Amino acid sequence: MSAATISSIRIYRQWQPFRDGTYRCSGGRSAEGFDSSIVEITSRDGLLGYGEMAPLGSFYDPAFAEGARAAMRELAPHLLGADATGIEALNRRMDLLLNGHPYAKAAIDMALWDLRGKHCGLSLATMSGGAEGATLALYRSIAQQAPDAMAARAQKYIVEGYRRLQVKVGLDVNDDIARLQAVRAAVPADTVLFCDANASWGTADTRRFLMATRDLDYTLEQPCASYDENLAIRRVCDRPLVLDETIDSVDVLLRAMADGLVDGITIKLARVGGLTKAKLVRDIAIARNLKVTIEDTGGAEIDTAAYCGLMLSTPEALRQHTVDFHNWVTVSNAKADFRIADGAMTIPVGPGLGIEVDVNTFGDPVFACQL
Ligand code: 0XW
Ligand code: MG
């Protein structure tokens with residue numbers, strides 16, 4: 001047994017209400033907060049690693065919070081006694097033992113990176129390729145409302161210093177056109193707008209949206225659900241196209257690159273199965289000069305520190321933007337030195353995730369196992 005042998009694993013739950021109220025996206029789907037699961041892995045020498053995963057409701061990705069916790073309970077006992085620093089080997093082991101359920105593996109994998117960083121005294125950004133620059137551009141998401149309410153929300157975020165906004169569309173296409181027009185008219189011309197339909201339109205609606213918004217400056221994000229619908233749209237879309245929900249594995253990215261489907265991708269840790277797999281997807285994307293966003297489906301400081309660490313080691317020229325999830329919610333789970341100014345964020349730089357997790361913020365474990 002080495003110093004990094006996994007000696008115990010605990011799973012916690014934390015309810016994280018949204019600061020800005022109900023989050024709405026297409027199809028009437030909504031959530032009041034994140035139902036977060038936190039994994040704590042202890043090594044034989046007493047170091048602790050933390051990982052977090054929170055889905056957006058049960059509707060956004062093929063993931064749900066109780067499912068995550070059930071899968072974590074299933075996996076955790078099989079990791080006891082293993083070397084925590086052998087993260088790739090542990091990922092293969094998790095994939096062998098449990099088919100699928102990447103969202104549950106994501107929090108375990110994150111805790112392993114945190115622990116490895118503490119063992120070798122290196123930050124996640126250093127371990128995942130080396131930090132480039134010190135700040136990450138942030139975006140704010142403008143949840144679906146009436147066009148003028150969305151324009152007002154956009155102006156609020158501009159006053160707060162954000163320079164990049166994600167406009168949620170994907171309902172009635174005529175209303176969506178009005179939403180984008182209202183937001184575009186309400187913000188400075190150099191504000192970067194992404195129009196995210198969250199996989200809700202068919203190709204007919206997407207074509208109408210593209211035609212009606214020809215003269216506006218924006219990037220289109222995930223118009224349709226299926227790969228083939230998005231490919232059909234790519235053929236008529238001459239503006240940057242970014243896929244998010246579709247990008248769930250290396251396989252799909254390789255196919256999308258071969259088809260010339262994407263100009264950029266959004267990598268969500270929970271969707272691809274954690275930092276290890278996200279890093280692989282990221283590295284393939286940057287080898288082809290694709291623009292990259294690294295983020296997640298939800299969470300607070302633990303999760304934010306993780307996707308931001310990986311984002312910081314992505315070449316600056318290829319970074320799109322990321323998100324400050326810890327500011328979306330009214331609770332915290334760690335002391336973390338995030339600083340935001342002018343729509344950009346500096347992140348903690350200490351070993352592992354660089355944060356000081358406070359277990360008192362999430363109460364008793366819902367599961368524990370030990371050697
Ligand atoms: C805006 N997000 C980052 C938050 C939710 O998890 C969904 C996601 C998106 O891209 O729609
Ligand atoms: Mg998206």
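I began with Arg-271, which forms a salt bridge with Asp-61, the closest N and O atoms being 3.0 Å apart; a salt bridge here is a side-chain nitrogen of Lys or Arg within 4 Å of a carboxyl oxygen of Asp or Glu. I noted that this is a predicted model, in which local features need pLDDT of at least 70 and side-chain atom pairs count only at pLDDT 80 or more, while totals for chains, interfaces and linings use all residues. Residues are numbered from 1 along each chain as its sequence is written, and side-chain values use heavy atoms, without hydrogens and water.

Next I looked up the domains, whose bounds come from an automatic or database domain assignment: domain 1 covers 6–121 + 361–370, and domain 2 covers 126–356. Across their interface I found four salt bridges by the rule.

I then checked contacts (heavy atoms within 4.5 Å), and 44 residues of domain 1 touch 49 residues of domain 2. The buried area, meaning the accessible area (1.4 Å probe) that two parts lose on being put together, summed over both, is about 3500 Å² between the domains, and carbon and sulfur atoms give 57% of it. Arg-19, Tyr-60 and Trp-113 supply 18% of what domain 1 buries against domain 2, more than any other three residues.

Terms used. Chains lettered and ligands numbered in written order.
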